[in-house]
Amino acid sequence: MFGQRFLVIYSGVLTAVFAVSMLSGFTKTSATSFDEINVQRINVREADGTVRMIITNGARMPGVIVKGKEQPKVDRPQAGMIFYNDEGSENGGLIFGGKRLANGDVVDAGGSLSFDRYNANEVVKLIGVNDKTDSFAGLAISDSQENGPNHRRIWVGRSDDGSASLSLMDAAGHERIQLSVPATGTPQIAFLDEHGKTIKTLSGDRDSSQR
């Protein structure tokens, strides 16, 4: 009789200890430190599972994600970090890449940091590219409409021909003023109509300043 009672009490104590241990494990959050970690992709999520940032290599780069639903991946060979808003929709990112093909061509070389408007395309983009097809670096500011198109309004940077330039566009994205300093060093300001035709030019060369 005593043995059975002892077993009942012992079993009850073990059950209580196990329950407390389990509850403590669920309520406490412990941090783990690493000297080094190798991963192909890290998904940072809120407590409810909403994705907020993805750090990934090129092979694991996701397609565009809008409110948690991923679209098919298209032309995303770079590695980087993709940012997501509170609703799990992509709203910018940092990407970078570059490689040389067997024939010697350098492709997809460069990087960009961009931020998007809510439910729209990018409004700020810092980019640098130098490969077979493009060679430029600069900052782009755009108008971006929710559920609509976006038009570049400001570009400041270095173009393919080595010129440093500042371009100002109208609301439709048409370039209207261009300030440039080419590799030769002669500055110029060009005024353009809505069709891109130059209607007036001011040159900063020595001869024009004396006229």
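Me: Where does lysine 67 sit?
Reply: Lysine 67 lies in the loop between β3 and β4 (69–70), strands here being DSSP runs of E with at least two residues, numbered from the N terminus. This is a predicted model, in which local features need pLDDT of at least 70, side-chain atom pairs count only at pLDDT 80 or more, and totals for chains, interfaces and linings use all residues. Residues are numbered from 1 along each chain as its sequence is written, and side-chain values use heavy atoms, with hydrogens and water left out.

Me: And is lysine 67 buried or exposed?
Reply: Lysine 67 counts as exposed, because its relative accessibility is 54%; buried means under 20% relative accessible area, exposed over 50%, and partly exposed in between, with a 1.4 Å probe and protein chains only.

Me: What about the phi of lysine 67?
Reply: Phi is positive there, about 50°, although lysine 67 is not a glycine. Most residues other than glycine have a negative phi. Asparagine 119, in the loop between β7 and β8, also has a positive phi, near 60°, and at 35% relative accessibility asparagine 119 counts as partly exposed.

Me: Switching to charges, how many salt bridges are there in the whole structure?
Reply: A search finds seven, where a salt bridge is a side-chain nitrogen of Lys or Arg within 4 Å of a carboxyl oxygen of Asp or Glu. One of them pairs aspartate 143 with arginine 153, with the closest N and O atoms 2.7 Å apart. Aspartate 143 is in strand β9 (residues 135–144) and arginine 153 in strand β10 (residues 150–158), so this pair ties together parts that are 10 residues apart in sequence.

Me: Which residue is the partner of aspartate 170?
Reply: Aspartate 170 forms a salt bridge with arginine 176, the closest N and O atoms being 3.3 Å apart. Aspartate 170 is buried, with a relative accessible area of 19%, whereas arginine 176 is partly exposed, at 29%.

Me: What does aspartate 193 do without a salt bridge?
Reply: Aspartate 193 is buried, and the nearest side chain of opposite charge, lysine 197, is 5.9 Å away, counting Lys and Arg as positive and Asp and Glu as negative, with His and the chain ends not counted. The side chain of aspartate 193 does reach the backbone nitrogen of lysine 197, at 2.9 Å.

Me: Where is aspartate 193 placed?
Reply: Aspartate 193 is in the loop between β13 (188–192) and β14 (198–203).

Technical notes: Helix = DSSP H or I, 4+ residues; strand = E, 2+ residues; numbered from the N terminus. Polar contact = N/O pair within 3.5 Å; in protein donor to acceptor, adjacent residues only side chain to side chain.
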